[in-house]
Amino acid sequence: MNIEIKVITNAKKREIFREGIGLKIRLISPPVEGKANEELIGYLSDIFGVKKSEVKIIRGDKDRRKLVSLPVDEAAIERVASKTTTVTTG
């Protein structure tokens, strides 16, 4: 499933929220040398229980708004987003 994600970098803690038809994710890493993208892929992999290699940034590699491919269904996204998953350390 492809999902639109708005990424906020340099946050104090990791969080995920539902925003319209997509997700809003706060990350701890700065948007330098792909660190935020690496953190995004790892974070999505952890919270959805999929391999990192299965999470792909389709569009927006250098943008706040990204289109990401995840091997999950809408119900899984709703479950995760409704919990407002927060992780403070990497």
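In the protein chain of this predicted model, residues 24 or more positions apart account for 47% of the contacts with a separation of 6 or more, a contact being defined by heavy atoms within 4.5 Å. Residues are numbered from 1 along each chain as its sequence is written, and side-chain values use heavy atoms, with hydrogens and water left out. Because the model is predicted, local features need pLDDT of at least 70 and side-chain atom pairs count only at pLDDT 80 or more, whereas totals for chains, interfaces and linings use all residues.

The protein chain contains two helices and six strands, which follow the pattern β-β-β-α-β-β-α-β along the sequence; helices (H or I, at least four residues) and strands (E, at least two) are DSSP runs, numbered from the N terminus. The radius of gyration, taken over C-alpha atoms, is 12 Å, which agrees with the value near 12 Å for a compact globule of 90 residues, the globule rule being 2.2 Å times the number of residues to the power 0.38. Of the 90 residues, 40% are buried, that is, they have under 20% relative accessible area with a 1.4 Å probe, protein chains only.

Strands β2 and β3 pair in the antiparallel sense over five bridges, where pairing requires that DSSP finds at least two bridges between two strands. These strands form a hairpin with two residues between them, and Gly20 in the turn has a positive phi of about 60 degrees. The bridge partner of Arg18 is Leu23 in β3.

Leu23 is also among the residues with the most contacts inside the largest nonpolar core, which has 22 residues; such a core is a set of buried Ala, Val, Leu, Ile, Met, Phe, Trp, Tyr and Cys residues joined through side-chain atoms within 4.5 Å. The elements β1, β3, α1 and α2 each supply at least two residues of this core, and the largest share, six residues, comes from α1.

In helix α2 (residues 74-82), the buried residues are Ala76, Ile77, Val80 and Ala81. Seen down the helix axis, the buried residues of α2 fall within an arc of 125 degrees, so they line one face of the helix; the arc is that of the directions from the axis to the C-beta atoms. These residues pack against β1 (2-8), β2 (14-19), β3 (22-26) and α1 (35-48).

Asn37, found in helix α1, counts as buried because its relative accessibility is 12%. A polar atom of the Asn37 side chain lies 2.8 Å from the backbone oxygen of Asp61.

Note on methods:
Buried < 20%, exposed > 50% of the residue type's maximum accessible area, 1.4 Å probe, protein only. Polar contact = N/O pair within 3.5 Å; in protein donor to acceptor, adjacent residues only side chain to side chain.
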